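The sequence and structure come before the remarks.

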Amino acid sequence: LILRHRAKTAKAQHKSRTTKARFRLCPTRQRIMKPKKPPPAKKKAPQSIPINPIEPPIGKPDFGGRTFVIAADPSAGSFGRAPSAEIDSEGTDIVSLAVRQRNKTIETLYNCKIELQAFYNAGSAVTAEMASGQHTIDLFTTSYNTKSLTLTGASYNLYALGLNLDNSYWDQSYISTYSLKDNNGTTVLYSILGDFALNAMSHTHVMMFNKTVYEKAGITDDLYELVRTKKWTMDKFVEMCKAAENGSTDGNTRGWVRTGYAAHGLHCASALSIIENKDSAFHFAVDKNLSEWNTVIDKAIEIWNLDESETILYSDILPALQNGSTLFASDIIDTISQIKNSDISLIPYPLYSETQENYAHYVDKKMATYSVPVYVSDIEAIGEFLELFAYHSSDTVRDAWIDTYAYEICADVNSGEMLELILNTRTYDPAYHCLTDSSYGSPYETEISGMILTGKNDITKWAKRYGASISEALDDYMAAISYLHE
């Protein structure tokens with residue numbers, strides 16, 4: 001009983017903090033939602049999640065029994081939750097239960113049905129329907145290079161759907177990055193993320209640490225408090241890596257292990273953009289911040305070459321964390337998704353200095369974004385459904401996903417708070433997610449990560465050599481999306 005009471009109290013405190021944090025991040029949420037009451041302590045095998053009787057932000061539409069079809073990739077591969085699983089799932093875990101209960105809530109309250117259609121390439125299914133003149137798909141997910149599908153004209157401008165994009169159940173970082181004003185003066189957005197997008201959440205690159213190794217290293221700092229007070233810096237990270245290895249009794253404990261993708265995580269942690277959205281248009285940003293970029297690359301090279309660090313295979317990251325052979329590790333959140341009651345916790349990438357405005361994280365381009373096919377005719381109904389899909393995901397699917405990490409995977413209430421912070425500081429640089437030359441490669445981001453991997457800072461020369469051609473490519477892209485509306 002005592003343990004149950006403590007768990008209940010700790011969870012209530014966590015919920016109180018995160019509710020206040022969401023209010024600070026997006027004041028709009030205060031106008032549409034009340035702070036949630038602290039939930040009861042979780043049971044080991046919850047059977048259902050009650051329908052939330054909250055009032056929707058757009059009234060209570062009646063869809064007249066209409067079926068909304070969402071096409072999504074059913075493949076999870078080695079990374080993250082399958083996009084299809086966030087739409088419908090037959091699993092027995094708390095997240096799958098939340099997904100089904102959200103669907104039941106929407107279907108019951110608004111007189112409709114939600115149908116999942118599994119396609120390994122939903123974008124191709126949409127372009128096939130465009131060619132045939134059919135219309136069965138209402139929403140679809142895409143991954144990797146978002147530019148190619150956008151320029152085929154397959155996606156509807158989401159600003160034309162009447163969505164309230166200021167609401168906090170939408171990913172504001174993604175919206176602010178990809179909301180563009182074309183050369184005709186039209187504001188456009190062709191894909192979106194929201195609180196339903198668990199695949200994108202699970203593909204976020206983060207730091208993880210082993211709590212037992214942390215304690216045995218004799219580190220006296222409260223790591224979570226360092227994060228909260230923005231004293232969690234690269235210098236502090238280096239100090240802890242050294243302490244962990246020096247304090248190892250058998251000499252087999254590393255300070256930090258990572259895959260090569262952590263080089264991207266390091267420069268992204270600075271919150272510096274390669275390509276930025278300024279005045280609703282894409283602009284090359286490196287040449288305007290060369291001093292800051294040089295400082296970041298030099299520091300990242302120093303950290304990458306720590307004696308206490310090691311680059312290992314993706315498949316070796318979790319075992320290294322579990323067996324205590326490292327203090328820190330870097331990879332996507334879903335790396336630890338299959339373990340329970342672990343000694344592992346999540347934290348953000350460190351700041352480069354205490355004066356840095358906020359933490360920053362990148363999301364792997366395997367993430368699934370959502371779009372509406374250009375051929376849909378009942379625009380008002382699609383817009384209302386998408387709004388409600390995001391809204392009802394917020395307090396069911398998203399919260400269940402966070403609680404799973406906090407209480408089942410990490411068994412640490414602080415992990416939930418860290419996870420909220422990480423999700424709210426994700427970035428989506430178009431140099432990596434949009435303007436790429438292939439599904440896997442980015443000619444812009446890869447060059448910068450390569451400087452960290454090779455230990456050679458050429459950022460000034462690189463910006464001068466490629467700045468003009470990159471700017472020209474951005475102008476061409478803006479002209480191309482303008483042509484879609486002519």
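1. Asp235 counts as partly exposed because its relative accessibility is 48%, whereas Lys299, at 17%, counts as buried (buried means under 20% relative accessible area, exposed over 50%, and partly exposed in between, with a 1.4 Å probe and protein chains only). The side chains of these two residues, Asp235 and Lys299, meet in a salt bridge at 2.6 Å, N to O, a salt bridge being a side-chain nitrogen of Lys or Arg within 4 Å of a carboxyl oxygen of Asp or Glu. The pair links distant parts of the chain, with Asp235 in helix H10 (residues 234-246) and Lys299 in helix H12 (residues 290-304), 64 residues apart.

2. This is a predicted model, in which local features need pLDDT of at least 70 and side-chain atom pairs count only at pLDDT 80 or more, while totals for chains, interfaces and linings use all residues. Residues are numbered from 1 along each chain as its sequence is written, and side-chain values use heavy atoms, with hydrogens and water left out.

3. Helix H10 also holds Lys236 and Glu239, which are separated by about one helical turn because they lie 3 residues apart (helices, H or I of at least four residues, and strands, E of at least two, are DSSP runs numbered from the N terminus). Lys236 forms a salt bridge with Glu239, the closest N and O atoms being 3.5 Å apart; Lys236 counts as buried at 18% relative accessibility, and Glu239 is partly exposed at 44%.

4. Arg66 and Asp138 are both buried, and their side chains meet in a salt bridge (3.2 Å, N to O). Arg66, Asp138 and Asp378 are linked in a network of salt bridges.
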